[in-house]
Amino acid sequence: MIHLNQTGYCEDMPKKAIITGKGECCFIVSSDNDIVFEPRMTEPFFDEASGDTVRVVDFSDIKKTGVYFLFADGLSKRFLISRRPYRSLSSALLKGMYYQRCGCALEEKHAGVYHRSICHTGKAALEHDNSVVIDVTGGWHDAGDYGRYVVPAAVTVSHMLYAYELFPKAFEDQLNIPESGNGVPDILNECRYEIEWMMKMQRREDGALYHKAATRFFAPFVMPEDDREDLLLFRVTHTSTAAFAASLAQAYRVYKPFDKMFSDRMLAASVRAWEWLEKNPVFEPFVNPPNTSSGPYGDDNCDDEIFWASCELFCATNEDRYRNSMCLLADKVDVSKLGWRDVGGLGALCCLFALKNPEKVFFDNISGRFLSAADKSLEKHQKSGYGTALDADKYMWGSTMIILNNAIILICAKLLTGEEKYQNAAQAQFDYLLGMNATGYSFVTGFGENAFRFPHHRPSYADGVDDPVPGLVSGGPNKKFPDPVCRKLLPPETPPAKSYIDHTWTASANENAIYWNSPAIFTAAYFDSLSVK
Ligand code: 9MR
Ligand code: ZN
């Protein structure tokens, strides 16, 4: 088999593919037969996560743009080299967020064949006290389901805002979403749609955040507008209040040049959330109440969320109360985690890239620990046959997220140190997403010759359109919790990196989620920004 980046390679960047055969007759031909090239190839070596014996083929020396074919062992794969290969991918991943919008119709002029009517417009009643009824219209559907959850929402927005802050050149105002052309980059227009919803999830009386808005049970596989069950609101939580405080304080800084009033409103909301946390120090982890089944997003530790909020609020206000909390918690949290449960890495991004004049000792502490995490990812990358920075025993629900979050860490390590090795390792994670992985699938709908086609995504299933909604990222291989369909179709000895089938009924291996799209947006924006000269 030949596994490569099915979206393409950038003319002046490294280019690698993986082959699992003997590598006999391995050569590359351009489609016009102009170039015939014999690539370098490593000795075969064993890849634990996939059980494959692989060779890495390196054709970085080909720099001429065009269509090529890689031949090896009697097989061939087509690929592209171009000047700006990731521009449309980066846009599509962002547009993928637009397709997740709730509480508005997706009009044909923006959504094409994926247009649909307005959904989930009813008010939501508090699950344990139906005298509380509020309007929580808007935001993005979390994933293939229609729940809307504050913690993953905040994390997603933050990934996207950091992508914008660090690589503004990759973002334009022409995505063809309703706000396009308003003079604000569309990534900020899209995030604002989520932020406005998050602000509705803040309890008016005291600034705490309701954990989520969802129907009692996951909806059947119908279009969102046909999901007519009552909406419920779930109790306020510390994790959602802190993650909200953090992401809104970040958003305050990002939107300030575009809309001062909106920006001030976000800071005020963020401070109110923080003040609730101060007054309510007793942390109670969230569990789904009995007889409900939407995403739990439970978490038994809130230090990392509070650390993140302290960093962003300190950055926004320069006030001691946030600084003290930030310094107090810094050593208690893992500063390299960017997922929905562990968010210390988002606080680290704030310290490393946004804080003005951080104290040297503090900065060195965070950057030292951050870079040592990057080095661990780098080692994993070097050890892996496919170059994937993920240990064989870590292929679990949403493995793509861990891989892409490692790409973010590696990219940031490149930004901090200037060292190419980090960028090259990050690229292997990006190549993984786009097909250079043991399954041979590209994990972005609509991108690649062998892109996955059957996401566990209700609209893609129910809309009557053949192709899935484009620009969605799959959760990827999951050795740990395969759904019945995986257990039935995959032999038990299937290696972790191959524990995947492109099938609608595998929530644990083939769903999409907003916080899997967002690190892909970050990574694509970085690689795209390298080709904007
Ligand atoms: O991404 C979440 C994963 O880490 C958890 O193991 C899993 C089970 O709780 O839930 C995943 O999140 C899902 C959420 O609960 C509901 N919406 C879809 C999410 C992606 O599958
Ligand atoms: Zn909806």
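A polar contact, as the term is used here, is a pair of N or O atoms within 3.5 Å. Please keep that cut-off in mind, colleagues, as we turn to the structure, which is a predicted model.

I begin with ligand 1. A polar side-chain atom of W340 sits 3.2 Å from an oxygen atom of this ligand. Y297 likewise places a polar side-chain atom 3.4 Å from an oxygen atom of ligand 1.

I now move to the metal site. Which residues supply the protein donors of the zinc ion, ligand 2? They are C102 and C119, each through SG, H120 through ND1, and H141 through NE2. These donors lie 2.0 to 2.3 Å from the zinc ion. The angles subtended by the four donor atoms run from 99 to 113°, and the arrangement is therefore tetrahedral.

Along the chain, the donors of the zinc ion follow the spacing C-x16-C-H-x20-H. C119 belongs to the loop between α2 (108-111) and β11 (124-126), while H141 belongs to the loop between β12 (129-134) and β13 (148-149), so this pair ties together parts that are 22 residues apart in sequence. Both C119 and H141 are buried.

Notes
Residues are numbered from 1 along each chain as its sequence is written. Chains are lettered from A and ligands numbered from 1 in the order in which they are written. This is a predicted model: local features need pLDDT of at least 70, side-chain atom pairs count only at pLDDT 80 or more; totals for chains, interfaces and linings use all residues. Side-chain values use heavy atoms; hydrogens and water are left out. Donors are N, O and S atoms within 2.8 Å of the metal (3.2 Å for Na, K and Ca); water is not among the atoms, so sites may look incomplete. Four donors count as tetrahedral if all angles lie between 85 and 135 degrees; four count as square planar and six as octahedral if opposite donors are over 155 degrees apart and all others between 65 and 115; anything else is irregular. Helices (H or I, at least four residues) and strands (E, at least two) are DSSP runs, numbered from the N terminus. Buried means under 20% relative accessible area, exposed over 50%, partly exposed in between (1.4 Å probe, protein chains only). A polar contact is a pair of N or O atoms within 3.5 Å; within protein, one must be able to donate a hydrogen and the other to accept it, and residues adjacent in sequence count only if both atoms are side-chain atoms.
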